[in-house]
Amino acid sequence: MRGQAASGPRYSQVAIVFHWTIAALVVANLAIGLLHESLLPGTIPLHKSIGLTVLALTAARIVWRLGHRPPPLPAEVPAWARSSAHALHAMLYALMIVMPMTGWAMGSGRDVPRPVSWFGLFDVPPLPIGKAAGRFGHEAHEILGWVMLALVVIHVAAALRHHFLLRDGLLARMGFRAR
Ligand code: HEM
Ligand code: HEM
């Protein structure tokens with residue numbers, strides 16, 4: 001490894017656990033959302049439980065993040081990459097809230113609103129919204145699902161570019177370190 005990120009500051013353990021837990025849940029939910037009608041039938045109840053978990057974890061992550069700045073990027077990262085990374089991370093945070101909220105909204109704004117069973121353990125009540133908001137939630141959930149997929153692909157491609165092409169140790173900042 002060369003480059004300053006290899007030996008420089010890293011994300012904290014809390015940030016790393018939040019990142020990889022939520023990343024795994026989001027990837028699972030993008031897959032289920034897009035494949036539940038073909039390869040993964042009957043998985044929507046699981047999708048809803050995972051999505052509400054992402055919502056709760058992301059709310060906690062954002063509150064925690066407000067008091068804990070991430071490690072500064074190495075000086076060698078150019079300005080365009082710096083601002084694109086910040087914009088992309090902000091959009092990912094927004095979608096980690098908006099995707100679960102619009103999903104929750106789509107089952108809520110109906111003639112007979114449905115609670116969501118969280119992994120069969122307890123019921124999460126429907127949101128107090130009307131049918132128009134429920135329809136809007138459904139449309140937004142479908143469109144933003146594709147947007148989120150595209151942003152995650154770009155995000156992962158950027159991480160892999162740093163790892164394999166630039167070889168600057170940036171991915172390791174977010175890696176678990178053996179003690
Ligand atoms: C699955 C492969 C993934 C890889 C390899 C990856 C890699 C990384 C890396 C290396 C960073 C730190 C960038 C830096 O050093 O400044 C990062 C940050 C981040 N990642 Fe990922 N990531 C992945 C998936 C995801 C997913 C699915 C999400 C959520 C949709 C996500 C959301 C974020 C956010 C919001 C940050 C910014 C953290 C902060 O500074 O507060 N990542 N990711
Ligand atoms: C991280 C959170 C979530 C992600 C990334 C996500 C992603 C997706 C995606 C990509 C689809 C496919 C859209 C399409 O048909 O093109 C989908 C469908 C769906 N999602 Fe989510 N979702 C999340 C959370 C939720 C939550 C919390 C609920 C409900 C409580 C939910 C309920 C649904 C339902 C019912 C469908 C099927 C819609 C249909 O086929 O008409 N989702 N989701």
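In this predicted model, the shell around ligand 2 is made up of twelve nonpolar, nine polar and three charged residues. Altogether, 24 residues surround ligand 2, and the closest are G33, H36, H47, H138 and H141. Several of these histidines have a polar side-chain atom facing a partner in the ligand. For H36, the distance to an oxygen atom of ligand 2 is 3.1 Å, and for H138 the distance to an oxygen atom of ligand 2 is 2.9 Å. H47 instead has a nitrogen atom of ligand 2 at 2.8 Å from a polar atom of its side chain.

Four helices, α1 (13-35), α2 (44-66), α3 (79-108) and α4 (131-166), each provide at least two of the residues around ligand 2. The space that ligand 2 takes up is the second largest pocket.

The largest pocket holds ligand 1. Here the surroundings consist of 22 residues, with H19, R65, Y93, H155 and R173 the closest. By type, the shell around ligand 1 divides into 16 nonpolar, three polar and three charged residues. Helices α1, α2, α3 and α4 each contribute at least two residues to the shell of ligand 1, and α4 gives the largest share, five residues.

Polar atoms also meet at ligand 1. An N or O atom in the side chain of R65 lies 2.5 Å from an oxygen atom of ligand 1, while a polar side-chain atom of Y11 is 2.8 Å from an oxygen atom of ligand 1. In the case of H155, a polar side-chain atom is found 2.8 Å from a nitrogen atom of ligand 1.

Technical notes: Residues are numbered from 1 along each chain as its sequence is written. Chains are lettered from A and ligands numbered from 1 in the order in which they are written. This is a predicted model: local features need pLDDT of at least 70, side-chain atom pairs count only at pLDDT 80 or more; totals for chains, interfaces and linings use all residues. Side-chain values use heavy atoms; hydrogens and water are left out. A residue is near a molecule or strand if one of its heavy atoms lies within 4 Å of it. A polar contact is a pair of N or O atoms within 3.5 Å; within protein, one must be able to donate a hydrogen and the other to accept it, and residues adjacent in sequence count only if both atoms are side-chain atoms. On a 1 Å grid over the protein atoms alone, a cavity is a set of points where a 1.4 Å probe fits but cannot get out, and a pocket is an open set with protein on both sides within 12 Å along at least five of seven lines; lining residues have an atom within 4 Å of a point. A molecule sits in a cavity or pocket if more than half of its atoms lie within 2 Å of its grid points. Ala, Val, Leu, Ile, Met, Phe, Trp, Tyr, Cys and Pro count as nonpolar, Asp, Glu, Lys and Arg as charged, and the others, Gly among them, as polar.
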